[in-house]
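Hi everyone, thanks for making time this morning.

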Amino acid sequence: MRAWALAALVLLFWVAACGGGAPADGPPEVRYGEDVCDECHMIINDARFAAAYRTVGGDVRRFDDIGDMVVYYIRTGEEVAAFWVHDYGTKAWVRAEEAVFVRSPSVQTPMGHGFVAFAGRDDAETFVAQHGGEVMGFEELLKVYGGR
Amino acid sequence: MSTLWTRFRRALAFLLLGLWWASAGALSADAQGPVLVVSPEGPYTSVQEALGEASPGSTVEVRGGVYAGPLVVEKPVRLVGVGWPVIEGNGEGTVVKIVAPGVYFGGFVVRNSGDSLDEENSGIAVEAPRVVVEGNRLEETLFGIYLREASDAVVRGNVIEGKALEVPRRGDAIRVWYSSGSVIEGNVVRRGRDVILWYSERLTVRGNVVEGGRYGLHFMYCDDALIEGNQLVDNSVGAFLMYSRRLHLRRNFIAYNRGPSGFGVGLKDMDDALVEENLLVDNRVGIFADNSPREIDSVMTYRRNLIAYNDVGVQLQPSVRRNRYEANSFVENQEQVHIAGGGRLRENVWEGNFWSDYAGYDANGDGVGDVSYRPQRLFEDLMGRYPPLQLFRYSPVAQALDFAAEAVPLVRPQPKLEDRAPRMAPVLPEGVPAPESRPQWAFGVGMAVLAVGGVVLMGWFSLGWPGDRRRGRRGDLPRPRFLSRQPEALAANGEEENMEPMVTVRGLTKRFGRFVAVRDVSFDVGRGEAVALWGANGAGKTTILRCLLGLYPFEGDVVVGGYHAKWQGREVRRLVGFVPQELSFHDDLSVEETLAFYARLRKTSPELSPDWAESLGLEELVGKAVGELSGGMKQRLALAVALLGDPPLLFLDEPTANLDVRSRREFFDLLCRLRDAGKTILFSSHRFDEVAVLADRVLVVEAGQVVSAGTLGDLAATIEGGVVVRLLVEPGQVEEAVRVLQRAGLEAERNGTGVWVCVPSHRKVEPILVLAGAGLSVYDFVLEPFSTVDHGGE
C-alpha cells in the first residue's frame, strides 16, 4: 500500500514538474509585476522593454530588458524556437526576427542596455529622429553582444 | 622689535582673512555672503526673483509660505528655508532644478511634481557637482531627488514620500546617475519605486530608511561603495547589487522584503563584495547570489550576518564559486541554503557558521560542533531541480519524501554543503540601527531576534544547555517540518476535545549517538494542568522539552495540542509559549521594542491582555532599556514574550535558575495565576519548593527516565529516605561551612560555589541552623530528593 502511495506521489511530482512547459506557438504570457527576469532576477514591470523566448523544448524565458534576453541566450546557448519583443509604441508582441530595433543613448531601459523595438521601420526611424540612436535588425543586435 | 612683530602678525591676520574671503566666495556652498530674504511680505516675494538678484556666494533665505515652482537654481548660492517654505509644483514637470555647482538647498517642502515617467519629473533634480540637498521634505513627487551627472553631492536628512501610485508608475525616490563620490545619508524614503544608484563610484549610502518600495537599493556599475546602517524594509527587494566591485555592505537591517523575488540582498555579477554584520530577517530569500564573483581572482565574503526566519536563508545559483560564508548565524530559515537547479555547491567555504537545525554535539565544550553540518533533504534537492514542486513545499508529500530518503539511503541526496566547524551558539551582529521612524516595531530588530532569543527560538537551539553539549547530540538527521495543520489539531474548544490531554507522550526515546538521553518516557498533561518535570541537572528534562517542541528528532509519539511534534514542530511551537533556561537579551532595546518585535515575528499583537500586562507588572518595565532590567524583570519580560498571542500552553525550562529568592517567589506567583486562569503548564525544575508551589502533578526524572509520577503527596513519599540540601553561602566561606557541617556530624561536601548536605528528610533545617550557629550566612537553599541527585556531576 505504501509503495503505491509513494508511486502516486512521484507521479504527482512528475506531472507538476512537467506542467509548466507545455509548448505553444504564440507569444508567452508575462505577468507584469510578478514574473521575474530569467537573467537579472528583477521583476518585469514595463511591457515596452520586456522580451521573451520559447525554447525548442517548450520552456519559456522572460526578460525585463531586450538586452538581458540576448545576454541570457548567448550565455546559455539554448536552442530557441521563437524570440519575442514588444513594439515600443503599441506594446504589442512582435517576433524579434521581424522587428526593427533602435539603440539610443536617451532611452533608459530597465537594465541599461538601451534597446527598444518597433514593428515597422518607419516608427523606428521617427524615434531616431526624435531621440537619436541607430536602427538595426535582430541579427545585428545579436552581434552587439558577440552572438552569431 | 616688538612693534615690528606686532605689525607682522597683523599683516598676516589680514592676509589670512583675505584669503578666507576669497576662497569662501569661490567655493560658495558654505559661504555666508549677502543674505536676500524671501517671504510673502517681502522684500522679495518670489524665490526666482531673489535668485536673479543674488550673486555667487549669496544666501537666499526663504521664509514660511507657498511659492510657485518650477525653480531653477543657476548660481552657486545657499538656499535656506526657514519655517518650512513650500515650493509648489502644481503637478507639472520638475519642481526644483539645480544646475550650478556648489549650491546648498535645505529646509524646504518640495511638493507636487508632474507625473511623467518619460520626462522623469522630479522633486529636486541636480545636474551639477558638489551640491548639498539637506533636510527637505518632498511630498507627492514622482521622482524624489535625482542626481544626474552631479558628482560629490550630499543628499542628507531628507524625507521623501512619493505619489500614491501603483509601484510601476512611481518614479525613483532617489536616483544617483553618473554621480561619483556622492553621499546619501540619513534620508527617509516611503512610497517610492526604487533608490537607484547607477554608474557612480565611491558612493556612501549610510543610515537611510527605505520602505514600501520595489528595490530598497539598486546598485549597477558602482565600484567601491560603502552601504552602511540602512534600514531596508517592506520593499519587494531590500538591496539588489549588480555589476559592481568591492561593495561593502555592513550593519544594515534588511527585513520583510517579500516581493516576487523577495531578496533581502541580491547579488548579480558582483566582485569582491564584503557583506558583514547585517540582519536579514523574514525576507523570502535572505541572500541571493548569481554569477558572483564573476572574475576568476575575485572572492565574495559573507561574515557575521544574522540570517533568520527567511523562507530561504541563502539561495545560490549552482555556478556560484569562491563564496566564503564565515561566522554567520542561520536561524530558522525554512530552507537554510537553496541551490537553484539542485545539485551540490563547489569551491565555496562554509566555516564557523551557526545553524539552528544543527543536531551535532560539542563534546569538548569549545563552542564548535564536533561533526560537520551537512544539510541533505531529498525534497529540497528535488525542489531545486524542479521549481514547480514548491507547490508541495509545506505538504505531507514533502514530508513523506524526506522520510523515504531517511529510510532508504539509496535515495538520500548528497549534502549541499559542509560546514566542518559549525558554531554551537549564534554570533550577534552589533551596531545595526534601530529605526526611530517606526517605533512600533523598530527594535533594531534582528538584535532582538537573538536578544530574547532565548525566549522564542534561539534559546531552543543553542544558548545554554551545557549538559546537552557534553552528553553529545547526534548529528545529521533532518528534522521534518512544515506540515499543514491536521484536522484533528487543536481548533475548536468543544467539550469533547477538552477531555483530550493537551500533551500526550508515548514511548519517547532520544538517543545522541549511542548515548540514550531519554528512554521510553510516557505521560500526559491535561488541559489546565500544571505538571513538573523534577530531577537533577542532567537528568534529561531539557531534552524532553525540546523533543516536545519538535526541535529534536526522536523515537516514539508526541502530540501537543493535536499536532505531532515529530512532523509539525513549527505548529507546536506556535501553540506553546516557551521560556528557556538561559535568556540572552540585547541591552539597547526597550521593553516595548522587544515585545513588538516578537509580536511581529509571531504575527500577533504586541499588546498583552490587560490582565496579564498588569500581573506581569509591565507598566513598571515600559520605557526601560532591557539592559536596565534586573534578572527578575528580564524573566518577567521573557514570560511576557512567551504570552504574546495568548498561547494555551506554557513550557518553562528551569525558569528561575538565575534568580534570587525573592524574584523566584514573585515569578512563581505569576505562574500560579496563569495556571489558575486555565493555562496548561509544563515546567522543569530541580527545586522542590518550586514544584510544591505550582505543580498539580510531578514527574520525577532520573537518568532520562520518568521514575515516578504522581501528586505532591506521592512525591513526598519518594523522598522519605532522605534529601540533599544545597546551600549557597559566601564564596569565601564555602570551605569553612563544609568543615562546620562535618564537625556537626553531617555528610557535607563542596560543590562548586555551594555546599551539599545529605540529611534525613526530617532534619532538613538542621544544616542551616548549624551554619547560623557558627555565624555563617546562608543566602539560599534547595531541597532535592537524594535519589535524583547526580553526584557524578554532568
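Let's start with a charge and a ring: the charged end of R137(B) sits over the ring of W84(B), 4.4 Å from the ring centre.

Some housekeeping before I go on. This is a predicted model, where local features need pLDDT of at least 70 and side-chain atom pairs count only at pLDDT 80 or more, while totals for chains, interfaces and linings use all residues. Residues are numbered from 1 along each chain as its sequence is written, chains are lettered from A and ligands numbered from 1 in the order in which they are written, and side-chain values use heavy atoms, with hydrogens and water left out.

On to rings with rings. How many aromatic pairs does the structure hold over all chains? The count is 35. Rings of Phe, Tyr and Trp (its six-membered ring) pair if their centres lie within 6.5 Å; planes under 30 degrees apart count as stacked, over 60 as edge-to-face and the rest as tilted.

Take W177(B) and Y199(B): their centres are 5.5 Å apart and their planes stand at 90°, so this pair is edge-to-face. Helices (H or I, at least four residues) and strands (E, at least two) are DSSP runs, by the way, numbered from the N terminus. W177(B) has 9% relative accessibility and therefore counts as buried. Buried here means under 20% relative accessible area, exposed over 50%, and partly exposed in between (1.4 Å probe, protein chains only).

Now a stacked example. Y302(B) and Y325(B) have ring centres 4.3 Å apart and planes at 5°, so they count as stacked. Y302(B) is in strand β32 (residues 300-303) of chain B and Y325(B) in strand β35 (residues 323-326) of chain B, so the pair ties together parts 23 residues apart in sequence. Both Y302(B) and Y325(B) are buried.

Over in chain A, ring pairs link a cluster made of Y53(A), F63(A), Y72(A), Y73(A), F83(A), F101(A) and F138(A).

Next, salt bridges. Side chains of opposite charge can pair when their charged atoms come close. The cut-off is a side-chain nitrogen of Lys or Arg within 4 Å of a carboxyl oxygen of Asp or Glu, and the whole structure gives 56 of them over all chains.

In chain A, R62(A) bridges to D35(A), with the closest N and O atoms 3.6 Å apart. R62(A) belongs to strand β2 (residues 60-63) of chain A and D35(A) to the loop between α1 (2-19) and β1 (51-55) of chain A, so the contact ties together parts 27 residues apart in sequence. R62(A) is partly exposed at 22%, whereas D35(A) is buried at 7%.

In chain B, R697(B) and E529(B) form a salt bridge with their closest N and O atoms 2.5 Å apart. R697(B) is partly exposed at 23% relative accessible area, and E529(B) is buried at 15%.

R156(B) and E134(B) make another salt bridge, at 3.0 Å between the closest N and O atoms. Both belong to a salt-bridge network whose members include E185(B), R206(B), E228(B) and R250(B).

Last stop, strand β47 (residues 680-685) of chain B. Are its residues buried or exposed? Six of its six residues are buried. T680(B), L682(B) and S684(B) point one way, and I681(B), F683(B) and S685(B) the other. In a regular strand the side chains alternate between the two faces of the sheet.

Strands count as paired if DSSP finds at least two bridges between them. Strand β42 (residues 530-534) of chain B pairs with β47(B) in the parallel sense over five bridges, and V531(B) has L682(B) as its bridge partner. Strand β46 (residues 649-653) of chain B also runs parallel to β47(B), joined by five bridges, with D653(B) partnered by S684(B).

That's my tour, and I'm happy to take questions.

Methods:
Lys NZ or Arg CZ within 6 Å of the ring centre and 35° of its normal.
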